[in-house]
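Student: I would like to learn how to read the packing in a model like this. Can we go through it step by step?

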Amino acid sequence: SPKPARTLTVLLVDSDPAAQRQMVSMLSGRNHRVVPNASYQEAVDIVQRMRFDCVFFAVRPANPNWMDLFERIRSHTSSTVLVTDGFDPELHRTASEHLALARPVEEIDLDQILEIVADRADTARLAK
């Protein structure tokens with residue numbers, strides 16, 4: 001895995017333990033700090049207390065309120081990444097301002113997303 005120019009702090013919201021472990025491994029293997037979480041409400045609470053460069057959020061049919069979560073955390077992070085079980089045109093249309101990553105997560109796709117996240121985080125820091 002390529003090592004990034006700088007370390008990102010990422011909140012990972014995923015209720016599936018196996019998928020969560022895989023993403024934690026992929027992100028931490030690239031020297032990023034990852035805070036895993038399975039609960040929507042806890043994620044909202046955490047993002048209000050800590051600074052995150054990005055929130056990765058697994059969109060699952062059992063959690064239809066993902067858009068509400070994003071509305072509540074929007075002002076607390078420079079990037080949000082939807083992690084989906086494949087391409088969903090309706091989802092991508094309604095979430096056009098968010099980055100998207102399809103499962104199974106490919107290394108090259110994750111690296112491209114992380115580059116965008118790092119650029120957005122740097123831009124947000126300079127704006128402050």
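Student: Are Y40 and F57 buried or exposed?

Tutor: Buried means under 20% relative accessible area, exposed over 50%, partly exposed in between (1.4 Å probe, protein chains only). Y40 is buried, and F57 is too. This is a predicted model: local features need pLDDT of at least 70, side-chain atom pairs count only at pLDDT 80 or more, and totals for chains, interfaces and linings use all residues. Residues are numbered from 1 along each chain as its sequence is written, and side-chain values use heavy atoms, leaving out hydrogens and water.

Student: How many aromatic pairs does a search of the whole structure find?

Tutor: Rings of Phe, Tyr and Trp (its six-membered ring) pair if their centres lie within 6.5 Å; planes under 30 degrees apart count as stacked, over 60 as edge-to-face and the rest as tilted. The search finds one pair. The ring centres of Y40 and F57 are 5.1 Å apart and the planes are at 75°, so the pair is edge-to-face. Y40 sits in helix α2 and F57 in strand β3, 17 residues apart. Helices (H or I, at least four residues) and strands (E, at least two) are DSSP runs, numbered from the N terminus.

Student: Which residues of helix α2 are buried?

Tutor: An α-helix has 3.6 residues a turn, so residues three or four places apart point the same way. In α2 (residues 40-49), the buried ones are Y40, A43, V44, I46 and V47. They cover an arc of only 170° around the axis, which puts them on the same side of α2. The arc is taken from the directions from the helix axis to the C-beta atoms.

Student: What is L27 in contact with?

Tutor: Contact means heavy atoms within 4.5 Å. Leaving aside neighbours within four places in sequence, L27 touches V10, H32, V34, F56, L110 and L114.
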